[in-house]
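Subject: Structure handover

Hello,

Here is the structure for you to look over. My notes on what was found follow after it.

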Amino acid sequence: LEASLYSTLVIQNENGEQVSLQDYQGKNVILYFYPKDLTPGCTTQACDFRDSYEDFSDLNAVILGVSLDDAAKHTKFIGKHGLPFSLLVDAEHKVAEAYGVWTLKKNFGKEYMGIERTTFLINEQGTVEKEWRKVRVKNHIEDVLNYLKTRTN
């Protein structure tokens, strides 16, 4: 990923506000892409991030989730599960494409384009420091948290 990509990517959050990674300069950004709001795996992942939110905050990290869902669906998802972080609207999958997570998926013999569950750690300088691709939800948040702990201590 090009460093210039970060400054040019602007995306809306659940409140319709424009968000850019430059808004978070000086912080670690946990940018996670997930397929769909209010589905079992995505709900588990979001709630795992929620439950570890203070631990991430203590490590100077903000969490941002990204999916194709619209702001209304994000707002419902946040409200239903008490998520303390923003969910970003990538309806045209431009950000997913820029990060290389808009991929051909297979499910029950059907092929379709969709978001590959992926997490990026973008460091305080605004560069991708670590990627977790084809994420399995179980223990994923612990992996991300442990990585952050080992690099900051």
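This is a predicted model: local features need pLDDT of at least 70, side-chain atom pairs count only at pLDDT 80 or more; totals for chains, interfaces and linings use all residues.

Setting aside its neighbours within four places in sequence, Leu9 is in contact with Val19, Ser20, Leu21, Val95, Ala98 and Tyr99. From Leu9 to Gly114 the separation is 105 residues in sequence and 19 Å in space, C-alpha to C-alpha.

Leu9 also belongs to the lining of the largest cavity. Searching the whole structure turns up one cavity of 30 Å³ or more, and the largest cavity holds about 80 Å³ of space. Besides Leu9, its lining is made of Ile11, Val19, Ser20, Leu21, Leu31, Leu64, Val66, Leu88, Val95 and Tyr99. Two or more residues of that lining come from each of β2 (18-20) and β4 (61-67). By type, the lining has 10 nonpolar residues, one polar and no charged.

Next, the nonpolar cores. The largest has 22 residues, and the members that touch the most others are Ile30, Tyr32, Phe49, Phe56, Phe85 and Leu87. At least two residues of this core are supplied by each of β3 (28-33), α2 (40-51), β4, α4 (71-81) and α6 (140-152). The top contributor is α6, with four residues. Another core, of 20 residues, lies apart from it; Phe33, Leu64, Ala96 and Ile122 are among its members.

For Leu87, I also have the contacts. Not counting residues up to four places away in sequence, Leu87 touches Gln12, Asn13, Glu14, Tyr32, Tyr34, Asp37, Gly65, His74, Phe77 and Ile78.

Last, the cysteines. How many disulfides are there? The count is zero. Cys42 is in no disulfide, and the nearest cysteine sulfur to it, that of Cys47, is 11 Å away.

Regards

How values were computed:
Residues are numbered from 1 along each chain as its sequence is written. Side-chain values use heavy atoms; hydrogens and water are left out. A disulfide is a pair of cysteine sulfur atoms within 2.5 Å. On a 1 Å grid over the protein atoms alone, a cavity is a set of points where a 1.4 Å probe fits but cannot get out, and a pocket is an open set with protein on both sides within 12 Å along at least five of seven lines; lining residues have an atom within 4 Å of a point. Grid points are joined across faces, edges and corners, and a volume is the space filled by probe spheres set on the points. Ala, Val, Leu, Ile, Met, Phe, Trp, Tyr, Cys and Pro count as nonpolar, Asp, Glu, Lys and Arg as charged, and the others, Gly among them, as polar. A nonpolar core is a set of buried Ala, Val, Leu, Ile, Met, Phe, Trp, Tyr and Cys residues joined through side-chain atoms within 4.5 Å. Buried means under 20% relative accessible area, exposed over 50%, partly exposed in between (1.4 Å probe, protein chains only). Contact means heavy atoms within 4.5 Å.
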